[in-house]
Amino acid sequence: MDDELQRRISFLPNISQGEHFADQIESLVEDCKDLRFLSDLARLELTMFKVGECEFTQDREKDITVNPCLELIDLGWKNLCSLIPRGHKKATLKPVEEQERVIVWTDKTGKVLCRPVTNNDLLALKLIVEDIPVDEAARKNRTTAAHIWPVINQAVRNNILVRNKSLISREPGIFKAEPRLASKYCTADVFTLQWHITQACDLKCRHCYGRESREFLDLDKALKVLEDFDDFCRSKNVHGQVSLTGGNPMLHPHLEKIHDAAVNYGFTLGILGNPAPQDQLESLLNKGPVSFFQVSLEGLEEHNDFIRGKGHFKRVIAFLGVLKKLGIYSMVMLTLTKANTHQVIPLAGLLQGKADLFTFNRLSMVGDGAHLTAADRNEFKELLFNYQDMAEELPVMGFKDNLLNLARHKNNQQLFGGCTGYGCGAAFNFVSVLCDGDVHACRKFPSRLGNLFDHSLEQIYDSEIAGKYRKSPESCTDCSIRPVCGGCLAVIYSNDLDVFKDRDPYCFLDE
C-alpha cells in the first residue's frame, strides 16, 4: 500500500499540505479501492492538528461549558481513529467504507484525542450548548435527572465539557514541594462528603471507632444536608461525591429517598456498608446509579471473623458476586493492624477476580480500636515495598495509604494521588458528616469543625480550624512529596502526637 501511494504522489510534486490536501489525496487515490480512505484520514489528521493549535479559553459566566478545543467531523470511513499513532500501539481495526462521526478534543493535559462520537457525548453537548436544564430534559425524555447527570459528569471527566476552575485549592506556597506535584495535586475538582447517616449497625467489630449512641438522621434534615452540599459544590466549582456510610447505611429507614435525592442533584453516590440483600440494591438502582459499594475484610477468614463476627468472610465473598452481577463497582478495605499485616497480600490474591479494588489503611487507635495493637513499624515498611511489587501481578491491588508514596519515592517510581487523591485530604477535598450534623475533618479521630445545622458547609469549610487541618503537620511542610502524602492524621493522633505539628510516626523519609 505504501509503495503504491508513494508512486502516485511522485506524479504530484507540488501537492500542498494545507486545507486542500485531503481533496488532492482523494483525486490521487480515487481509482484505488484499498487507498480511498486516505483522503478522510488526511481530513481527520488536519482536524487534530487544528485542535492541537487551539488556544484554550473558557466562559467563566457558566458553571459548565463545551471544551472550546473540540470538533465534530463526519467521515465516509469507519475506524480511522485507530490508525492515528498512539505510542507503540498498532492499529487493530481496518478502515470500512461507512459513515462515522468522530469527536476530536483535548484532554486536561492538552493532549489531542479522537474517537467515534457516542449518543451520550451528543446528549451532553446538546444540553450545554442549548442551555437545557437537566430537570427539563428528564421530563421530556420521561426519565429522571439521576439518569442524565452521569452523562454530563462523564463528559466533564473526559474534558469534553469543562467545569469552571475549582476553588478547592491549597494556599500558594504552602508546601515546598516539587513544582510538578504542587501544580497537579493542590487543586481538587471533586469534593467528597463521607456521610454517616446512621449509627445503627448489624456488626460489632472489635476495632470500631464510632459506636457512640446517635439518632439516625431524619429525612427532612437529610434533604437539607444535600441542599447545602449542592450550594457548596456550586460555590466552589467542584463535583460532589456522597459516600453513604454509618454504622451500616443500608439500615437507614429512608435510605432510598436519600439516595434518590442525592443522585438527582447530580452527585456521584457510593456506599460504604455491609453485605445487603440483592433486591434492596436493585431497588436503589431503579432510582439512580450506585457508583461503588465498599465492604471490609480484615484478613483471611479466621482472623476476619474474629474481628467482624462468625460467617462474615463468606457473606462478603458472596456479596461481591452480587455486586458484579448488578454491575456495581466493588471495593474491599482492610484496616491494618499488627495481627493482619502478613495477611494483606494473601487476601489480595484471593480477591483477584472477585473484587474490582482492594486497599488498606492503618488502624486508628480510638474507640474500640484502642484495644488492638497497631502494625509494627518495620513490618509496615516492608509491606509497603512488597505490596507494590505484587500489585504489578494483581490488578485488584489499589493504592491508598499515603506512605505508599514514600516507598515509591524511594524507588524512583511514579507517585499516585494518595489517600483522597491529594495526599491527606482531611478538610481539603473531604469531610465527614455525622448523623447529628457534626462535621469532622476525618471520622477516624476527633476533629470536629462545626455542625451543619448551625452553619453552612461553606462557612465551616472556610473556618480557621478547617484551614489548620488541611495544612497538615508543620513537620511535613518542607517535604518534597507533601501534596501526595502528609501521612495519616488519625495515626498521628492515636499515637498521642500533635496532628498540627508532628509527622506520621511511621514516616521513614530520613532513613
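**Exercise 1. Which residues does tryptophan 195 touch, not counting residues up to four places away in sequence?**

Before you start: this is a predicted model, where local features need pLDDT of at least 70, side-chain atom pairs count only at pLDDT 80 or more, and totals for chains, interfaces and linings use all residues. Residues are numbered from 1 along each chain as its sequence is written, and side-chain values use heavy atoms, with hydrogens and water left out.

*Solution.* 
- Step 1: Look for contacts, meaning heavy atoms within 4.5 Å.
- Step 2: Tryptophan 195 touches Leu217, Ala222, Val225, Leu226, Val242, Ser243, Leu244, Thr245, Ile258 and Val433.
- Step 3: Now zoom out to the largest nonpolar core, which has 103 residues; Trp195, Leu281 and Phe358 have the most contacts inside it. Such a core is a set of buried Ala, Val, Leu, Ile, Met, Phe, Trp, Tyr and Cys residues joined through side-chain atoms within 4.5 Å. Buried means under 20% relative accessible area, exposed over 50%, and partly exposed in between (1.4 Å probe, protein chains only).

**Exercise 2. Take two salt bridges, arginine 43 with aspartate 40 and arginine 308 with glutamate 298, and say where each partner sits.**

*Solution.* 
- Step 1: A salt bridge is a side-chain nitrogen of Lys or Arg within 4 Å of a carboxyl oxygen of Asp or Glu.
- Step 2: For arginine 43 and aspartate 40, the closest N and O atoms are 3.2 Å apart. Both residues lie in helix H3, three residues apart, about one turn of the helix. Arginine 43 is partly exposed at 33%, while aspartate 40 is buried at 8%.
- Step 3: For arginine 308 and glutamate 298, the closest N and O atoms are 2.8 Å apart. Arginine 308 lies in helix H11 (residues 301-308) and glutamate 298 in the loop between strand S9 (292-296) and H11, so the pair ties together parts that are ten residues apart in sequence. Both arginine 308 and glutamate 298 are buried.

Key. Helix = DSSP H or I, 4+ residues; strand = E, 2+ residues; numbered from the N terminus.
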